[in-house]
Amino acid sequence: MTSPRTTLGALLLAFGMSAIDAAAQTPPPAPNLVAPSSGAALVQPISLQWSAVVDPDGPIGSYVWQVATSSGFAVVTASGFTDTRNGDPVPTQDRVSGLPNGTYFWRVKATQMVGGTVGSLDSAWSAVRSFTVTGLGPAPGGTPTITSPAGGSQFHANETFKITWTAVPGAQYYVLEADDEPSFSYPFTLSTSPMEFANSVGAGWGNEIPAIYYRVRAVSVDNVRGLPSAVLTIKVTNAAPVPAAPTPLSPSNGAAVSLPFTFDWTDTANPQIPGYDIDVDDEPTFSGAFGVLLVQNISRSDYTLVSDLPPGTYYWRVRALHGYVSGPWSAGQKFTVVAPPPTPAGLGLFWLLVQPSSVSGGAPTQGRVSLTAPAPPGGAVVRIISDLPHSEVPQTVVVPEGKTDAIVSPITSVPVPGAVIGNLRAAYGTTWQQNSLGLWPILFSLSLDKPAIVGGGSLVGTVTLQRAAPAGGVEVTLVSSDTSLVRPPAKVTVVEGATAASFTIPTGAVTRTTPITINTGTASENYRAPETWLTLLPAGSPAPAPSLSTVTLQAASVLGGHTTTGTITLTAPAPAGGASVWVNGSMEGQVVTPAGGVTVPAGSTSASFTMTAPQVNATYWVMIQASYGGEAGMHGAVLRIDPDQPADPDLFAMGIDPTSLIGGGSLKGTVGLTTPAPAGGATVFLTSTDPATVQVPASVQIAAGNSTNSFTIATRRVTNMTSVEVIGQAGSATKSTWITLFADPNAPVTLNAVTPSVSGTTGGNTLSATLFLTGNAPTGGATVTLSSSNPAAAQVPASVTVPAGQGFQGFTITTSAVSADTAVTITGTYGASQTAAITVLAGASNTGLRSPTANAADSGGDGNGFERNPANAQGDDSAVAVDTDSGTAADMSCTSTARDKHRFFNYGITVPAGATVQGIEVRLDARADSTSGSPRMCVELSWDGGVSWTAPQVTATLSTSMSSKTLGGAANTWGRAWTASDLSDARFRIRITNVANSTARDFTLDWAAVRVTYKSGS
């Protein structure tokens, strides 16, 4: 039985329909009840059946049924629904159970999907029938008893609490129901927890509610509900009583402590996460809004302070948090902070690594603390702190003399019903580090070897854990939504040391496509994994598309730094083009599987892939997941990565302290390895991206058994903020960090930069430049000496004075003509030397206007081009070439085949080898006999003897008097890059086309000249 309230909203999105005029729609007819017959006496579970509703206005999206204790349905005792998620077509039957003996009434209505703005229409309720319950049937035989909290308990808004109840024999799971009225009439105003595998659950409400009613019932393996427990009534109000303040335990009144030290106090009733605040002040009345230190939202009943409290006398107090309400402060306790014992200068804590930092099922883990350098005589005591109430750690560990590392073990955890993430901390001297610890349920998923099957067949299910099962194994509960069709084992145990368990699931035959869900969970953690879907198909259904069947591993474990193989298998051969399967496995961010997934070749059912395990210092468990096609649960296999001693450990981290300083100072860097160095030690190689500014040693040695060591970094003075990257490399890993250097504000003023206004100019021109100082020039000014690396190309003044009180001054760079582009360095010196590079550019040259020595008429128009004296256009004189009555049709298109064309060539153009052609200019001295018809000349250029031509350029309308028309120019290349050979007599051509909106025009041409502008190569 589930409430339909949220499902109906979702159904509106599930059906894509064309809009129908809702105004013309009438509701669908009501269903007819089929069974049970009215007045029937029945033992639970009771099957409710009704007729399907068929209406031409749209499909039926769902049915909703109700059961009540009266025919007026004033109190709806049970309610449920069916929709497309239950099958196609929508099922017209459902089951009800968990009803006390007595007489009940039931009815059904249909919801039709009509689309448009209306979306859906409900039918009227069906006629009402009655039935009498005479027994529970196969329901669990007992009724739970809620044991906590006590009836009438009050809680604050946002305060969590635990509801517990007695176990019931035969219960597969429990349903916890909550409502704001005691009759529990559907739909519930509050919520239902539909599946709890343990006999307790956490609860809490974010707002005040005058009365909340809870009840719990047991459910059998066949989803038959038992009778509910007695009702628990509680109240959520911020006026609820608060417990007395916690009692401070330490530092006790008058105690002397040194950092790091722990505040400790008694637990409050019903402790919360977060649950406490600490207030520290330097006077006993704690007056004012804020004292010396306020630590808020502490999750445990202790807190270790590692910094931020200098020696002196203080007072502290604590209060508990109860949701949105804070409890009273405790009485204040006086304590004195004294200086901690001295530690060697420069020695600090480099890291706290939790390895692994993700654990499941309440398994323990371990950590590694490392100093920045070997511990001094007597060793180094490191304080270890847990900020998680779910995890305990040793209070201290000792790094032995001459060593950098100590193992923190055990780090305990507890089973959790969901993800819990918090911090662990470590402190040594005045330094401290932290790392996160994540706790997870041990159950990963239930996967099926096929997502769809013809009913009546069997399939294989696999429950997979996040890691190997602990002593005693892990019991997993399985719940099928319909055990008459799909009946997995009620319980499956993953035995100690195993990571998965597989089993056969039989299915029943169906006459329509029927989806089934299987839920899995653990009572030990009260965790429910994501549900798994299985589709049952009627006999004769087409074979489903290929999907993922299994993920398997060649070996259950691999040593860090080594490789192993996995295999993905499909339910059917991969289609044409292959099947691209998403595969992923990562060890706390380090991916071990191939990037981009794995492709199963077309026609194949499986493919293998290589996994590369990172170097590790402890055993890690990595889930190798895969996904493809219709999902049948989350598929995964667990790979255990065990530590190995690599001959060349990878660099894990590099740190620099501080990361910024005034140039000229020194600082400390530290490098750390993934695993402690082997016998003979390990070498970390260092480089600087700017060795002139930041100097690092070529390498750092780390002694055998140690993970870290430090080195000194030297820097030089800078005049501007400068960032330099320091890079470390060991094994196959590279790490880097940046150092930022600042100019010394107290350093004497020097030259900061020589800045030309442009990067270059053509020889013979001048360009401006500016000198910039690091500050304002002193009294008497700052005289900057200047020099040029090539005075023949660029000349500068011998010196330039920046006036007193000014930070910059301009000057002029004079250049001379050069035959090729010439790089010149300008150097300025005042306290420091700075340089600037400019380029003196060679000026462009040209061939001068060149005349052709050959010509030929081209095809087009009347075919004779300039038919009268065409050679007269080959020189700049008074002799002319004439095209009479040009063309065979009026046309202004330069590419028209109806207009006369003529080509000229053999210009004798020569440019130096390697020169860059910057432009080609064509000069036409021409006229027309009349402007009627807008006579013009078009010009095209060829670079391959007339086979290919540039796009044409066209003159303005010709006048009746001789004038020069220029096309192209010194910077116009006609749309292409030209080489010297393109301009040879054998290849270069120009073609003139005479166009006009008339065939009566006479075109006269005196000269067809060409000029090429080029720049010689450097």
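**A buried lysine and the paired charges**

Reply: In this predicted model, Lys901 is buried yet takes part in no salt bridge, the nearest side chain of opposite charge being that of Glu940, 4.9 Å away. Lys901 is found in strand 75, which covers residues 901-905, and the side chain of Lys901 does reach the backbone oxygen of Ser896, at 3.3 Å.

Elsewhere, a search of the whole structure finds 24 salt bridges. In one of them, the side chains of Arg225 and Glu177 meet at 3.6 Å, N to O; this pair links distant parts of the chain, with Arg225 in the loop between strand 16 and strand 17 and Glu177 in strand 13, 48 residues apart. Arg225 is buried at a relative accessible area of 10%, and Glu177 is buried at 1%.

Asp279 and Arg317 also form a salt bridge, their closest N and O atoms being 3.0 Å apart. Asp279 lies in strand 21 and Arg317 in strand 24, so the pair ties together parts that are 38 residues apart in sequence. Asp279 counts as buried at 8% relative accessibility, as does Arg317 at 16%.

A further salt bridge joins Arg987 to Asp982, with the closest N and O atoms 3.5 Å apart; here Arg987 is partly exposed, at 31%, whereas Asp982 is buried, at 5%. Finally, salt bridges that share partners join Glu177, Arg215, Arg217 and Arg225 into one network.

Technical notes:
Residues are numbered from 1 along each chain as its sequence is written. This is a predicted model: local features need pLDDT of at least 70, side-chain atom pairs count only at pLDDT 80 or more; totals for chains, interfaces and linings use all residues. Side-chain values use heavy atoms; hydrogens and water are left out. Helices (H or I, at least four residues) and strands (E, at least two) are DSSP runs, numbered from the N terminus. Buried means under 20% relative accessible area, exposed over 50%, partly exposed in between (1.4 Å probe, protein chains only). Lys and Arg count as positive and Asp and Glu as negative; His and the chain ends are not counted. A salt bridge is a side-chain nitrogen of Lys or Arg within 4 Å of a carboxyl oxygen of Asp or Glu. A polar contact is a pair of N or O atoms within 3.5 Å; within protein, one must be able to donate a hydrogen and the other to accept it, and residues adjacent in sequence count only if both atoms are side-chain atoms.
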